[in-house]
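Please read them with the structure open beside you.

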Amino acid sequence: MTGLDPGRLAPPEGFRRIARRLERGGFEAWAVGGSLRDAFVQQIGGDADPKQADWDLATDARPDEVMDLFPRTVPVGVSHGTVGVLDGGVLYEVTTFRRDVETDGRHARVVFASSIEEDLGRRDFTVNAIAWRPASGQVRDPYGGLADIESGILRAVGDPGARFREDYLRVLRGFRFAGRFGWAVEPRTDEALREAVDGLAVLSAERVRKELMKVLGDPNPSAGLDLYATRGALAHWYPELLGLAADRGAWLAALGAVDAVPARELNVRLARLVVSAADTPEGRAEVAEALLSRLRFSNADRGYVTRLARLFLPFVGPTDSAAEHRRWLASAGKAWDDVFALHFAGARAEEAERAEQAERYLEATRERVRREWLEAPPLSLADLAVKGDDLLELGMSPGPLVRLLLEELLEQVLEDPGRNERASLLGEARRLIEMGALTEASRPGGGSGAPSAGDERPGADA
């Protein structure tokens, strides 16, 4: 017996209504899944998974019987036995008892089962193989999941090796659960996890990506990510991180910085991880591009994380001139505050004394940059008071020299925003044209956005 009390469970009223309707129809209705697990975790003072909110039901009713009982249903996975039931605008998943008859490491072929015990037998870990029947208050816990929750142990159901061979995503789920809740991995399960990592290669990129983003959404993803490294799981999907992970100190520092980024900023957390894996802007961008392409992130997410990685260094400081801050803003654009978030995270992961010093330095820098941003200075060619057509009217021929001249004018405007007036810029353009000062070799050099000394500044370490 454990001290966990099913009488204290408090699922949503919509869940209770659906369960009562199933029971009145002559069927069993059991709570299963992550929300039930988390409710028991909370009873011992643990934190619930912030991403796990929906209460799921398992039943002996077949999908067509479920749809007959409820007026508003969605066939979310009828072929696998799952029907979505709408109650008060909330969708609850109701799934017929199932058992696996064939697996290939990625997917299972299932058939309907007759008992909740059979259904629990196909679950991955004991903490997820618990069921509670609201109608009677009964709890089914055939594998000791409640005791494992109380003891802080992650244990596979039955034979660990067999569980992971059925679906290799369970390896990554194991890392996430152990990291999220601070659970120790039971020795046989841990050994099987290590042996199963080669099977990760058969998974789809989409499933691996979703699992990574769940880890990054945890309050402190470092524990789960560290299991990726220590159990040998990086090689298959994250080879760009292997060099970083080989340096234990650098790896832990990088993970500490990831933890320091707010959990809601998933792309910033991902960028904070990849910027530690290379030493140059180009190298960081290549790591981000390769990793996010392999995991099939959207073009928007891949582009943004790659942009943050490229912008990480060189950086700016509080003693730089306003013009240097504007040049950096011209490079960073709207991403400027997220780049600061990367540096603040690195500072906060430092030892207390160094962290305090670095944060003060960064705060002073951000305040100066913020003031420049709020002034809305011209930062791009589109902000200039003259356009390419204006230069053509001065007698220039269409071609790359038009853009070169616009870039030179922008450089002057970044130095002094007051020069962004049409008459002044046209006059400067005429002067440069008459001087013959424009060639392909004369492209302005001030647009890179930051002084090289940025590598030396507090909080700029990777």
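1. R163, E166 and R170 are joined in a network of salt bridges, a salt bridge being a side-chain nitrogen of Lys or Arg within 4 Å of a carboxyl oxygen of Asp or Glu. The structure holds 34 salt bridges, and some of the others are taken up below. This is a predicted model, in which local features need pLDDT of at least 70 and side-chain atom pairs count only at pLDDT 80 or more, whereas totals for chains, interfaces and linings use all residues. Residues are numbered from 1 along each chain as its sequence is written, and side-chain values use heavy atoms, with hydrogens and water left out.

2. The side chains of D124 and R173 form a salt bridge with an N to O distance of 2.8 Å. This pair links distant parts of the chain, 49 residues apart, with D124 in the loop between α4 (116–120) and β8 (131–133) and R173 in helix α7 (residues 169–181); helices (H or I, at least four residues) and strands (E, at least two) are DSSP runs, numbered from the N terminus. D124 counts as buried because its relative accessibility is 6%, while R173, at 23%, counts as partly exposed. The classes are buried for under 20% relative accessible area, exposed for over 50%, and partly exposed in between (1.4 Å probe, protein chains only).

3. What does the side chain of R37 contact? R37, found in helix α2 (residues 34–43), meets the side chain of D38 in a salt bridge (3.0 Å, N to O), and both D38 and R37 are buried, R37 having a relative accessible area of 3%. The side chain of R37 also makes a polar contact with the side chain of N128 at 2.8 Å, where a polar contact is a pair of N or O atoms within 3.5 Å; within protein, one must be able to donate a hydrogen and the other to accept it, and residues adjacent in sequence count only if both atoms are side-chain atoms.

4. E356 and R360 provide an exposed pair, with relative accessible areas of 52% for E356 and 51% for R360. Their closest N and O atoms are 3.3 Å apart in a salt bridge, and both residues lie in helix α19 (residues 352–374), 4 residues apart, about one turn of the helix.

5. The backbone deserves a look at a few places. The peptide bond from L313 to P314 is cis, with omega near 0 degrees, and P314 is found in the loop between α16 (299–311) and α17 (322–332). R296, which is not a glycine, has a positive phi of about 55 degrees; it lies in the loop between α15 (281–294) and α16 and is exposed at 55% relative accessibility. A376 likewise has a positive phi, near 50 degrees, and is exposed, with a relative accessible area of 62%, in the loop between α19 and α20 (388–393). Most residues other than glycine have a negative phi, and most peptide bonds are trans.
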